[in-house]
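Here are a few exercises to work through with the model open beside you. Take each task on its own before you read the solution.

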Amino acid sequence: MYLLLEKIKLRLKSLGYEPTENDDFALEFVMDKTEQRIKHFCNISEIPDCLEWVFIEMACGDFLQAKKSLGQLTNMQVEQIVKSIEDGDTTVSFQSGVDAETVFNNYLDKMINGHVDSLIAHRKLLW
């Protein structure tokens with residue numbers, strides 16, 4: 001589990017969130033929750049190595065969603081996204097507010113729920 005925790009922290013860093021020691025309990029909780037979700041969905045007792053990336057993505061998505069819900073995403077920039085770029089006189093305009101938040105929410109949803117195809121490939125029938 002320690003190795004997975006480190007991989008999750010690295011993935012969070014790649015997304016712009018710098019995990020601290022205070023996040024360890026929340027990350028371990030999210031890891032347990034994600035493990036149970038995958039096991040229950042697939043009806044398996046062990047998560048195969050080929051689903052490790054799915055586990056990491058789902059855990060990171062759950063963690064970031066919880067942080068966002070609590071208003072604790074202070075060091076991630078979700079305020080502005082590029083709306084249009086012109087090359088002639090170099091004009092760049094940004095979308096802000098709700099649109100950027102919607103994009104971020106959609107990305108979190110994809111991290112958490114967007115791996116159904118990969119999970120179905122490992123699903124077993126429950127008799």
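A charge sits over a ring if NZ of Lys or CZ of Arg is within 6 Å of the ring centre and within 35 degrees of the ring normal. Keep in mind that this model is predicted.

**Exercise 1.** Find which residue lies over the face of F41, and at what distance from the ring centre.

*Solution.* Start at the ring of F41: R123 lies over its face, 4.4 Å from the ring centre. Next, look at H40, which belongs to helix 2. The C-alpha atoms of H40 and R123 are 9.3 Å apart, although 83 residues separate the two along the chain. Finally, classify H40: exposed means over 50% relative accessible area, so at 57% H40 is exposed.

**Exercise 2.** Describe the aromatic pair in the structure and say which parts it ties together.

*Solution.* The structure holds 1 aromatic pair. Y17 and F63 form this pair, with 5.5 Å from centre to centre and 70° between the planes. Planes over 60 degrees apart count as edge-to-face, and the pair is edge-to-face. Y17 is in the loop between helix 1 and helix 2 while F63 is in helix 3, so the pair ties together parts 46 residues apart in sequence. As for burial, Y17 is buried at 5% relative accessible area, and F63 is buried at 2%.

Terms used
Residues are numbered from 1 along each chain as its sequence is written. This is a predicted model: local features need pLDDT of at least 70, side-chain atom pairs count only at pLDDT 80 or more; totals for chains, interfaces and linings use all residues. Side-chain values use heavy atoms; hydrogens and water are left out. Helices (H or I, at least four residues) and strands (E, at least two) are DSSP runs, numbered from the N terminus. Buried means under 20% relative accessible area, exposed over 50%, partly exposed in between (1.4 Å probe, protein chains only). Rings of Phe, Tyr and Trp (its six-membered ring) pair if their centres lie within 6.5 Å; planes under 30 degrees apart count as stacked, over 60 as edge-to-face and the rest as tilted.
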